[in-house]
Amino acid sequence: MSDAKKVMITVRKPPHGSIYVHEAIEVMFIVASFGLDLSVVFIDDGVLALKTGQDTKELGIKGFMASIGAFMDFEVTKVYVDRQSLEDRNMSEADLAFIGEDETTEQPVRPTILDSSAIAALMAEQQSLMAL
Amino acid sequence: MLHTLNKSPFSHTSLENCLRFIKPDDVLLLLEDGVYAATRGTSRSHLIEQALQNGHVFAMQADLKARGLTDLIDGVQLADYDKFVELLEQHSSHAWR
Amino acid sequence: MKFTLLILDGPYNHTASDSAYQTAQAMLRRGHDIRGVFFYHDGVYNVSNASDPPQDDRNIPQRWSALGAQNIDMVVCIAAAKRRGITNELLVPNTRISGLGQLATMIIESDRLVVFGD
């Protein structure tokens, strides 16, 4: 994987009011399956996409919540959330949905929270960045 | 890195949010409605003034002309599409939509 | 250099499509290759042959068709297209519908990805 091209997908829009998050997840799964070194970063309103307890049934929209729990199954393992964006929205780590299970420990795993400087450093490493 | 910004700072927080992720020597390019951020003496001018302390800021000339904008913050450079591509040759880019 | 362009918004409603087109022209002027243009989200509307804009304004789908005629791969995402009712019959010449895998391939085969969207 060390030679694989580094690609980042950023998600900055909130879920359900538009299709951006749902269709972004479809891209994540495909990109990960092509052996690209994918990092996914949720920033600004994008962090709301990972909130627990979302239920779109009454809206009559299919939604994507089941896909979040399957991230790691689909090789989307490098999932990050911007700390400031969470704080601005009165969210903490406990509000974030699980993205799968750790392979070894089988414990449920949440996205990793990063400071903006760490995200900026990660961005600088990427070959291609996709803002979806 | 090249950061592209296409939203007016008066109606969107994209520019304000983007500034947290700009590193020294990164380049910011304003296009479409983002060029409104380059106008001098507004309630949002401080955002571009802040960006200029970190690195180069460009505004797309065609978008400025379309909007009748001539009074720009000192230090903002004009870019045409050839310049935009030159910047893309030098940097990976992220679009702050 | 090899560029891939990703267009995320429909024609006319926002000017992402225009910015992308002008940038593509500049890329070609500067002697670069465009590996492909991929249309996603509402971007799939960019290649509709049912579009009939006023004669004195730019014809965005025709522009993309003309770019496709220069041997540049113009690909519309099938999943996004199906949702929005863009079918093969509605495509302008020199554009095609295919899967997201084509986007991944374009990225692998390019030096730079440039995103245009609302």
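This is a predicted model: local features need pLDDT of at least 70, side-chain atom pairs count only at pLDDT 80 or more; totals for chains, interfaces and linings use all residues.
1. For chain C, the mean pLDDT is 98, with 100% of the residues reaching 70 or more.

2. In chain A, strand 3 (residues 78–82) pairs in the parallel sense with strand 2 (residues 37–42) over 4 bridges, and one point of reference along this pairing is V41(A), whose bridge partner in strand 3 of chain A is Y80(A). Strand 3 of chain A also pairs in the parallel sense with strand 6 (residues 112–114) of chain A, here over 3 bridges; on that side, D82(A) has L114(A) of strand 6 as its bridge partner.

3. Chain B holds an open sheet of 5 strands in the order 4-3-2-1-5, with parallel pairing. Strand 4 (77–79) and strand 5 of chain B are the edge strands, and because each has a single partner strand, one side of each is left without a neighbour in the sheet. Averaged over the sheet and with direction ignored, neighbouring strands are turned by 25° against each other. Within chain B, strand 2 and strand 3 (residues 57–60) pair in the parallel sense over 3 bridges, and L29(B) stands opposite F58(B) of strand 3.

4. Is D26(B), a charged residue by class, buried or exposed? D26(B) lies in the loop between helix 1 (14–19) and strand 2 (27–30) of chain B, and it is buried because 20 other C-beta atoms lie within 10 Å, where the cut-off for a buried residue is 20 or more. If neighbours within four places in sequence are left aside, the residues in contact with D26(B) are M1(B), H3(B), N54(B) and G55(B). H91(B) is 65 residues away from D26(B) along the chain, yet the C-alpha atoms of these two residues are separated by 8.7 Å.

5. Between chains A and C, 14 residues of chain A are in contact with 12 residues of chain C. On the chain A side, the elements that give two or more residues are helix 1 (20–33) and strand 7 (128–131), and helix 1 of chain A supplies the largest share, 6 residues. By class, this side of chain A consists of 10 nonpolar, 1 polar and 3 charged residues.

6. The contact between chains B and A takes 11 residues from chain B and 13 residues from chain A. Strand 5 (residues 93–96) of chain B gives the most to the chain B side, with 4 residues; this is also one of the two strands at the edges of the chain B sheet. The chain B side of this contact divides into 4 nonpolar, 4 polar and 3 charged residues.

7. How do helix 4 of chain B and helix 1 of chain C cross, and at roughly what angle? The axes of helix 4 (residues 81–90) of chain B and helix 1 (residues 16–29) of chain C come within 8 Å and cross at roughly 75°, so helix 4 of chain B is roughly perpendicular to helix 1 of chain C, given that angles of 65 to 115 degrees count as such. Helix 4 of chain B makes the contact through Y81(B), D82(B), F84(B) and V85(B), while helix 1 of chain C takes part with Q22(C), T23(C), Q25(C), A26(C), M27(C) and R29(C). By class, the residues of this contact between the two helices are 5 nonpolar, 3 polar and 2 charged.

How values were computed
Residues are numbered from 1 along each chain as its sequence is written. Chains are lettered from A and ligands numbered from 1 in the order in which they are written. Two strands pair if DSSP finds at least two bridges between them. Two residues are in contact if their C-beta atoms, placed from the backbone, lie within 7 Å. Ala, Val, Leu, Ile, Met, Phe, Trp, Tyr, Cys and Pro count as nonpolar, Asp, Glu, Lys and Arg as charged, and the others, Gly among them, as polar. A residue is buried if 20 or more other C-beta atoms lie within 10 Å of its own, exposed if 12 or fewer, and partly exposed in between; C-beta atoms are placed from the backbone. pLDDT is the predictor's confidence in each residue, from 0 to 100. Axes are lines fitted to C-alpha atoms, for helices over the stretch in contact, and angles run from 0 to 180 degrees between N-to-C directions. Angles under 35 degrees count as roughly parallel, over 145 as roughly antiparallel, 65 to 115 as roughly perpendicular and the rest as oblique.
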